[in-house]
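We will go from strands to a pocket and then to charged pairs.

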Amino acid sequence: QVHLVESGGGLVQPGGSLRLSCETSGTIFERNDMSWHRQAPGKERELVAGIPADGGAHYADSVKGRFTISRDNAKDTVYLQMNDLKPEDTAVYYCKAEEPQGRFGVLDYWGQGTQVTVSS
């Protein structure tokens, strides 16, 4: 069974920082494309940042220059460092793993989400 467990969310003031973690198990982590998504109330879930198994990181325009995605294959964990947080960053943040299945394609797995609230 594949499990993704997120942590690190919380309440922070504008301009502050948080680091989210996503610990995975039950999968060969180093083969997976990993990404972070977020969903604010009443809005569609959107891609925030991605870091493929064998490729460069990419970011949504709204977070570029402020957020950094990274992965530690030895710990089966992906991180999202969030700096200079803004109220519009408030959302539930989800971790996603895309697990290759050979000729059968790719399976997607999601974490439970962690709340990030940016407010004075």
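Start by selecting strand β8 (residues 77-82) in this predicted model: β8 and β3 run antiparallel and are joined by six bridges. Show the side chains of R19 and Q81, and you will find R19 opposite Q81 in β8.

Now turn to the other pairing of β3. Strand β1 (residues 3-7) pairs with β3 (residues 18-25), again in the antiparallel sense, over five bridges. Here E6 faces C22 in β3.

Next stop, the largest pocket, with a volume of about 190 Å³. Select R38, A40, K43, E46 and E88: of its 14 lining residues, these are the closest to the centre. The lining comprises eight charged, three polar and three nonpolar residues.

R38 counts as buried, at 5% relative accessibility, while E46 is partly exposed at 35%.

Finally, select K96 and D108, whose side chains form a salt bridge of 3.8 Å, N to O. K96 lies in β9 and D108 in β10 (residues 106-110), so the pair ties together parts twelve residues apart in sequence. K96 is buried at 12%, whereas D108 is partly exposed at 41%.

Before you leave, select R38, E46, R66 and D89 together: salt bridges with shared partners join them into one network.

Conventions
Residues numbered from 1 in each chain as written. Predicted model: local features only at pLDDT ≥ 70, side-chain atom pairs only at ≥ 80, totals over all residues. Heavy atoms only, no water. Pairing = 2+ DSSP bridges. Helix = DSSP H or I, 4+ residues; strand = E, 2+ residues; numbered from the N terminus. 1 Å grid on protein atoms, 1.4 Å probe; cavity = no way out; pocket = protein on both sides within 12 Å on 5 of 7 lines; lining within 4 Å. Points joined across faces, edges and corners; volume = space filled by probe spheres on them. Nonpolar A, V, L, I, M, F, W, Y, C, P; charged D, E, K, R; others polar. Buried < 20%, exposed > 50% of the residue type's maximum accessible area, 1.4 Å probe, protein only. Salt bridge = Lys/Arg side-chain N within 4 Å of Asp/Glu carboxyl O.
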